[in-house]
Structures are given as C-alpha cells and as structure tokens.
Amino acid sequence: VDAPWIAVARVRQPSASAPRPLRLYQDPMELSAFNVQHGFVEAVVRGLRSGFLSTEDYRRLASSDSLDDMRSALEETDYGTFLQDEPSPLLVSTISKKCYEKLADEFRYVKAQTV
C-alpha cells in the first residue's frame, strides 16, 4: 500500500495463482481530519502564490523606460503598495531593499503561522 489512507482488497482468482487488486477505496473518516493541522498555512501559501507576477506583468516591467514607470507598472500587482511611500527619485538600491523586506515579512508571517 502506497499511502496510509488507501486500502487494497485482494482476492484469489480460481484460475490465477497470484492475487490481484480488486478495488481501491478511501476511508471517509480519514478524510474528515485531512489537513486539519496545516490547512491554514497551506491556504496562506496558495494565496501568496496567486500574487506572483504574470507574463504580462513582466512584459510591462520590461517595457518601462524609467524606474518611476516601473513603479507604476508594479502598482497594478500585489507589489503595488510597497513602493508608494518612497520619494520620486527612485533608486535601484531602494527597490531591491524593499523587495527583500517584503519577502522577509511574508516569510516571517508564514513561519509564525506554522509554529
């Protein structure tokens, strides 16, 4: 048996010498407690995954002529709020720092939920 929740019923065929699987079934009570301990964290990670930049977002970023154009392209995504408080002469180091801060904040949040 590959997984603990799957049971295989084997029967002997009158003409065959080796047993073969007859049917697979799952115990409904096993599924009632499925992912009880880590379901919220899985949902959070799936939510964060939905915030990944799409191909169109990357095209918009690649076609940006300046860093301010890049900021406006990011405003339409989940990353729209993390540069809004920065002054107008935007620097590459500021963008990099803010990206790492956002990643670290999201990682700390997920880590805090798993403990």
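Me: How much space lies in the largest pocket, and what makes it a pocket?
Reply: About 260 Å³. The volume is the space filled by probe spheres set on grid points, joined across faces, edges and corners. On a 1 Å grid over the protein atoms alone, a pocket is an open set of points with protein on both sides within 12 Å along at least five of seven lines. This is a predicted model: local features need pLDDT of at least 70, side-chain atom pairs count only at pLDDT 80 or more, and totals for chains, interfaces and linings use all residues. Residues are numbered from 1 along each chain as its sequence is written, and side-chain values use heavy atoms, with hydrogens and water left out.

Me: Which residues line the largest pocket?
Reply: There are 13 lining residues, each with an atom within 4 Å of a point. Phe52, Tyr79, Lys102, Leu103 and Glu106 lie nearest the centre. Helices α2 (39–49) and α5 each give two or more residues to the lining. The largest share, five residues, comes from α5. Helices here are DSSP runs (H or I, at least four residues), numbered from the N terminus.

Me: Why is Asp57 called buried?
Reply: Buried means under 20% relative accessible area, exposed over 50%, partly exposed in between (1.4 Å probe, protein chains only). Asp57 has 13% relative accessibility, so Asp57 counts as buried. Asp57 lies in helix α3.

Me: And Arg59, buried or exposed?
Reply: Exposed, because its relative accessibility is 51%. Arg59 is also found in helix α3.

Me: What makes Asp57 and Ser54 a polar contact?
Reply: A polar atom of the Asp57 side chain lies 3.0 Å from the backbone nitrogen of Ser54. The limit is a pair of N or O atoms within 3.5 Å, where one must be able to donate a hydrogen and the other to accept it.

Me: Why does Thr77 count as buried?
Reply: Its relative accessibility is 14%, so Thr77 falls in the buried class. Thr77 sits in the loop between α4 and α5 (92–114). Leaving aside neighbours within four places in sequence, Thr77 is in contact (heavy atoms within 4.5 Å) with Leu53 and Asp57. A polar atom of its side chain lies 3.2 Å from the backbone nitrogen of Tyr79.

Me: How do you know that the buried residues of α4 are on the same side?
Reply: In α4 (residues 67–74), the buried residues are Arg71, Ala73 and Leu74. They cover an arc of only 160 degrees, taken from the directions from the helix axis to the C-beta atoms, so they are on the same side of α4. They pack against α3 (55–62).

Definitions and conventions. On a 1 Å grid over the protein atoms alone, a cavity is a set of points where a 1.4 Å probe fits but cannot get out, and a pocket is an open set with protein on both sides within 12 Å along at least five of seven lines; lining residues have an atom within 4 Å of a point.
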